[in-house]
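Today I'm looking up pockets first, then ring pairs. Here is what I have on screen.

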Amino acid sequence: RFVAGVIKQERFPAFERVLWRVCHGNFVLRHGKIQAPLEDPVAREFVEKDVFIIFLQGEEFKGKIRKICEGFHATMYPCPASLYARMEMRTQVKLRIEDLNMVLKKTDEHRKNILTSAAASIHEWSMKVKKMKAIYYTLNLCNIDITQRLIIAEIWCAVSDLSRIHAALVTGSVSD
C-alpha cells in the first residue's frame, strides 16, 4: 500500500509534480530532508537527499509510481506490511551496520599498521631509489654494443687520475 525511498533534493519538486499529474492526487506523499549529506560512491561527492513515503489508494498506481521513481533515479526500499516483519528487518539492518562498522574499524587499524611499518623504512627506500635513479641516469649516457655484450662509456678525466681509473676498471671487471 506504500512506496518508500530516497531521492536527490534538487529532483524532488519535479518528482512531486510528475506524481501528481500521473496519479491525479490519488496518493499521500510525505517527505523529509536527510540531515547528514550522503556520499555518492560514483561521483565521489556529497549530495543532499530527501526521504519519501507514498501511500496509495490502490495497487494500480504502484507500478506507475515505481516507474516514475526509476525515471528520477530514486532509490526505493522495501518495507514489510506487518509490524513484526518491520521490527525484524530493523534488527537485521542494525546488525549489518554494526558488522560494517567493525570491518571499517579493522580496516583502519590494518592500514595504520601498514603505514607505520612503511614509515619506519621510508628513509632506506628513499636512498635505494636515489641510487637506482643515479645508476640508470649514468647507464643512459652509455652506448650498448649488443654483439659483444658491452656497455661503452666515453669519459674525460685528468691524466693524473688515469692509472687509478684503470685500476678500478680492472678490479671491477675481475670481480664480475
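I started with the second largest pocket, and its lining includes Arg1, Phe2, Val3, Ala4, Lys62 and Arg66. A pocket, I noted, is an open set of points on a 1 Å grid over the protein atoms alone where a 1.4 Å probe fits, with protein on both sides within 12 Å along at least five of seven lines; lining residues have an atom within 4 Å of a point. This is a predicted model, where local features need pLDDT of at least 70 and side-chain atom pairs 80 or more, while totals for chains, interfaces and linings use all residues. Residues are numbered from 1 along each chain as its sequence is written, and side-chain values use heavy atoms, without hydrogens and water.

Strand β1 gives this lining its largest share, three residues. (Strands are DSSP runs of E, at least two residues; helices are runs of H or I, at least four.)

Next I checked the largest pocket: helix α3 (residues 83-120) supplies eight residues, the largest share of its lining. Among the lining residues I found Tyr77, Met89 and Leu104.

Then I turned to rings, and I found five aromatic pairs in the structure. Rings of Phe, Tyr and Trp (its six-membered ring) pair if their centres lie within 6.5 Å; planes under 30 degrees apart are stacked, over 60 edge-to-face, the rest tilted. Why is the pair Phe2 and Phe55 tilted? Their planes sit at 50°, so the pair is tilted, with centres 5.9 Å apart. Phe2 is in β1 and Phe55 in strand β5 (residues 49-56), 53 residues apart.
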